[in-house]
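Please open the model in your viewer and keep the selection tool at hand. The tour goes from one selection to the next.

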Amino acid sequence: MRILIDADGCPVVDLTIGLAREFGLECIILCDTAHYFNREGARTVVLSQGADSVDFALVNMVQAGDIVVTQDYGLAAMCLARNSKPVNQNGMRYHDGNIDGLLASRHTAQKIRRGGGRTKGPTKRTKEQDEAFICQLRNMIVAGLAEEDKVQTANKQQNEGGNEQ
């Protein structure tokens, strides 16, 4: 399990790196040239600026079981299809039960903006949002590590059973 961060506009990069370091997990920051990040404890992948360049690179890198930190509903949907675990900067888990509604609301907001309307922007980030994110990410890491241990134990038992014959 690794943690991949869609870092363009992400307010929880440092919090994520801190938790990855605490659990000994690889942390990968993906950003474009307009949002360069260089943080100790994480590997940074810088991509050329362009529509969705970071998103497509991240989807090509992500593996089943990885945690992905992103604000982008479209990217979250693609990550779900790859059996990874996307979460937003406020600690909301993306899953099969909420992604369709989130994508629909994004589409509606885009239609409003294209028609000249305005939509409400994000509010100022709060300490409570950071705490909710940390709590959710910690829970996801613990659950992911437990699942990895369970798989490794099952594989070990299977291999030991196969050697006895």
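How many bridges join S1 to S2? Select both strands, S1 (2-6) and S2 (26-32): they run parallel and are joined by five bridges, and in one of these places Arg2 has Glu26 of S2 as its bridge partner. This is a predicted model, in which local features need pLDDT of at least 70 and side-chain atom pairs count only at pLDDT 80 or more, while totals for chains, interfaces and linings use all residues. Residues are numbered from 1 along each chain as its sequence is written, and side-chain values use heavy atoms, with hydrogens and water left out.

Next, select helix H1 (residues 13-23), where Val13, Thr16, Ile17, Leu19 and Ala20 are buried, that is, under 20% relative accessible area with a 1.4 Å probe, protein chains only. These residues cover an arc of only 165° around the axis, which puts them on the same side of H1. Gly24, with a positive phi near 70°, follows H1.

Finally, select Val69, which, leaving aside neighbours within four places in sequence, is in contact (heavy atoms within 4.5 Å) with residues including Ile3, Ile5, Thr16, Val87 and Phe133.

Conventions
Buried < 20%, exposed > 50% of the residue type's maximum accessible area, 1.4 Å probe, protein only. Helix = DSSP H or I, 4+ residues; strand = E, 2+ residues; numbered from the N terminus. Arc of directions from axis to C-beta. Pairing = 2+ DSSP bridges.
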